[in-house]
Amino acid sequence: MRIFMPDKAKDKIVVVTGATAGIGKAAAELFKARGAKVICLARRTTEEFDCIPTDVTDRAAVKNAVEKITEKYGRIDILVNNAGMGISGAAESTDDAAVRKIFELNFFGVLNVIREVVPVMRAQGGGVIVNVSSVAAELAIPFQSFYSATKAAVSSLSAALRNELAPFGIKVTAVLPGDVKTDFTASREKNSADDPAYGDRVARSVAVMERDEKNGMSPVVIAKIIVRSALMKHPPVSRVGGWKYVLLVHLARLLPQRLVSFILGKMYA
């Protein structure tokens with residue numbers, strides 16, 4: 001006789017930032033398919049989910065969105081911080097405005113949503129926060145230094161919050177995707193003011209990144225990890241997405257740092 005096991009996602013209130021494309025959309029679709037109520041916070045909207053147009057870099061807008069969610073649904077069970085962007089180019093010649101822009105979205109956008117959602121979760125006695133970081137947080141990529149820096153910051157924030165919020169029943173985990181085939185590649189902002197001293201190294205590095213992304217795994221692979229992590233009784237501190245990236249990160253932690261740096265330089269610089 002088959003015993004019926006209810007889906008842990010059923011009737012959960014799940015907030016996903018950037019759920020209109022790529023990994024965010026794939027995760028939102030999986031949560032919805034498993035019976036969760038999904039609310040999307042993004043600048044673009046879709047009829048597929050309950051969407052609240054929100055620029056996560058605007059804390060007042062985030063506050064307003066979270067208030068609307070709690071007024072309508074009464075709680076937030078799971079938060080998936082997915083919204084992000086990429087820029088490429090030599091660090092020394094990247095415009096200050098571009099650097100601030102990527103930190104505003106990739107890091108402060110995550111922080112803005114967390115700051116508004118945590119009081120809700122604390123009041124209800126718990127919840128789960130899944131922050132989408134990147135393998136680039138572990139393996140800093142030349143000519144994508146600021147993207148790597150923002151994702152390293154997200155990973156560190158996640159690890160610290162995990163202990164800060166544990167007494168309130170709030171679980172925090174980070175998912176670190178490897179190369180994924182999404183619109184992220186086409187939307188990456190490229191620095192047009194790179195110093196001629198770098199020759200064609202920047203262009204060659206970006207070409208390698210984009211080739212790997214275009215041949216990367218489906219966003220569904222990462223979405224499944226996000227959903228699984230969010231529903232675990234004891235989610236991991238972090239989880240790397242994609243078996244070959246699990247191996248790469250593991251090796252990078254075992255090998256001498258100088259050797260890892262040398263290998264990354266050969267690959268991308």
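Reader: What makes Phe 108 partly exposed?

Author: In this predicted model, Phe 108 has a relative accessible area of 35%. Buried would require under 20% and exposed over 50%, so a residue in between is called partly exposed, and Phe 108 therefore takes that name.

Reader: Why does Phe 107 count as buried?

Author: The relative accessibility of Phe 107 is 16%, and because the limit for buried is under 20%, Phe 107 counts as buried.

Reader: What makes the pair of Phe 107 and Phe 108 edge-to-face?

Author: Two values have to be set against the rule, which asks for ring centres within 6.5 Å and, for edge-to-face, planes over 60 degrees apart. The centres of the rings of Phe 107 and Phe 108 are 5.1 Å apart and their planes stand at 80°, so the pair is edge-to-face. By this rule the count comes to three aromatic pairs, and among them is that of Phe 143 and Tyr 198, which is edge-to-face because the ring centres are 5.9 Å apart and the planes are at 90°.

Reader: Why is it said that Phe 143 and Tyr 198 tie together parts of the chain?

Author: Phe 143 lies in the loop between strand 6 (127-132) and helix 4 (145-165), while Tyr 198 lies in the loop between strand 8 (189-190) and helix 6 (201-214), so the pair ties together parts that are 55 residues apart in sequence. Both Phe 143 and Tyr 198 are buried.

Reader: How do you know that Cys 40 is in no disulfide?

Author: A disulfide needs two cysteine sulfur atoms within 2.5 Å, whereas the nearest cysteine sulfur to Cys 40, that of Cys 51, is 3.6 Å away. A search of the whole structure finds zero disulfides.

Reader: What makes the contact of Arg 59 with Glu 116 a salt bridge?

Author: The closest N and O atoms of Arg 59 and Glu 116 are 2.9 Å apart, and because the rule asks for a side-chain nitrogen of Lys or Arg within 4 Å of a carboxyl oxygen of Asp or Glu, the pair of Arg 59 and Glu 116 is a salt bridge. Arg 59 lies in helix 2 (residues 59-73) and Glu 116 in helix 3 (residues 96-124), so this pair ties together parts that are 57 residues apart in sequence. Arg 59 is partly exposed, with a relative accessible area of 37%, whereas Glu 116 counts as buried at 12%.

Reader: Which residues are joined with Lys 190 and Glu 210 into one network?

Author: Salt bridges that share partners join Arg 188 and Glu 213 with Lys 190 and Glu 210. The side chains of Lys 190 and Glu 210 meet at 2.7 Å, N to O, and since Lys 190 lies in strand 8 and Glu 210 in helix 6, the pair ties together parts that are 20 residues apart in sequence. The structure holds twelve salt bridges.

Key:
Residues are numbered from 1 along each chain as its sequence is written. This is a predicted model: local features need pLDDT of at least 70, side-chain atom pairs count only at pLDDT 80 or more; totals for chains, interfaces and linings use all residues. Side-chain values use heavy atoms; hydrogens and water are left out. Rings of Phe, Tyr and Trp (its six-membered ring) pair if their centres lie within 6.5 Å; planes under 30 degrees apart count as stacked, over 60 as edge-to-face and the rest as tilted. Buried means under 20% relative accessible area, exposed over 50%, partly exposed in between (1.4 Å probe, protein chains only). Helices (H or I, at least four residues) and strands (E, at least two) are DSSP runs, numbered from the N terminus.
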